[in-house]
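Subject: Structure handover

Hi,

Here is the structure for you to look at. Please open it first, then read my notes below.

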Amino acid sequence: MSIALILVGLAIVLVILVLVKAIRIIPEYQRIVVFRLGRLMATKGPGLVLLIPFVDKGTVVDLREFFLEIPRQDSITKDNAAISIDFIMYYKVFEPAMSVVQVSNIAGAATNIAATTLRAVVGDISLDDVLAKRDEINTMLRVKLDEVTERWGVKVTNVEIREIIPPPLVQEAMTRQMSAERTRRAVVTEAEGTKSAAITVAEGNKEAAVLNAEGAKQAAILTAEGERQAAILRAEGFALALTKINESASTADVRTMQLQYLDALRQVGASPSSKVVVPMELAGLVGAVTAIAETASNGKDNG
């Protein structure tokens, strides 16, 4: 009885092992390359994949993008300058069967081919171009690496240089150049600031002068206008006074004028001057005064 149970248990274990070998669940980002008795059959997945136990063998291939850090490589430029460069290479499998059949170790093969390709590319470029044209070197490396890896079913998607270390003498020269460039920029910036300040001050002085001139102009206009108005008012006053005088003179008789004339002479005589000018009409004036006096006396007598 116990032997039968042991056999049943062994059979169950064997069935489980067979099922594990026969049933494979492949994720979306993977494919399984199936070999039947050593011969390439097909690439299957994703999803449920059934294999014939002990007959089919499956190799899982990841289709996601991977990266390789290429160690620092010492290279010689076209002008015989020794530099060290390290970069990162991104790649992905686009043909699972070829990546299994054509190459045994994608990462190792890609690392070695990347190192040799880097030396070949840098050897055709001068040091100045290596330092200044990093993007172009990235593109050249990607194209050349992709030409090699394409036969493996692998696509190089991107190459990025991380660090370029030039010779010590070149580093010192670059440091001096950077220092000189910073000094130049500081001088230019200071000069630009001084120029801007001078322009601002000049513009301010110009605007102030314009405002002062405008103010002086307005003040002169207002002064002239005030003087003109004052002159007009004085002229109008004189004209009005003359009009009044003429009106008064037209209503005054000869006697009144003579009396006023005498009053004016009296005022002249009362002045402290030692010389008095007597007009020629004084005799006629005396006669007129006498006539006036007699007329006044006769009037009293008749009364």
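Which residues of H5 are buried? They are Ile137, Asn138, Leu141, Leu145, Asp146, Val148 and Thr149. Seen down the axis of H5, these buried residues fall within an arc of 160°, so they line one face of the helix. Please keep in mind that this is a predicted model.

The face of H5 turned away from its buried side carries two exposed residues, Asp135 and Glu147.

Helix H5 covers residues 134-149, which is 16 residues. At 1.5 Å a residue it should span 22 Å, and its end C-alpha atoms are 22 Å apart, so the two values agree.

What do the buried residues of H5 pack against? Their partners are strand E7 (82-93), helix H3 (106-122), helix H4 (127-132) and strand E8 (154-165).

Now the sheet. Three strands form an open sheet in the order E6-E7-E8, and the pairing is antiparallel. Strand E6 (66-76) and E8 are the edge strands, as each pairs on one side only. On average, neighbouring strands of this sheet are turned by 25° against each other, direction ignored. In general, strands of a sheet pair through backbone hydrogen bonds.

E6 and E7 pair in the antiparallel sense over nine bridges. Asp74 stands opposite Ser84 in E7.

Two helices meet the strands. H3 lies across E6, E7 and E8, and runs at about 35° to E6. H5 packs on the sheet and touches E7 and E8. The direction of H5 makes about 145° with that of E8.

Best wishes

Methods: Residues are numbered from 1 along each chain as its sequence is written. This is a predicted model: local features need pLDDT of at least 70, side-chain atom pairs count only at pLDDT 80 or more; totals for chains, interfaces and linings use all residues. Side-chain values use heavy atoms; hydrogens and water are left out. Helices (H or I, at least four residues) and strands (E, at least two) are DSSP runs, numbered from the N terminus. The expected span of a helix is 1.5 Å times one less than its number of residues. Buried means under 20% relative accessible area, exposed over 50%, partly exposed in between (1.4 Å probe, protein chains only). The arc is that of the directions from the helix axis to the C-beta atoms. Contact means heavy atoms within 4.5 Å. Two strands pair if DSSP finds at least two bridges between them. Axes are lines fitted to C-alpha atoms, for helices over the stretch in contact, and angles run from 0 to 180 degrees between N-to-C directions.
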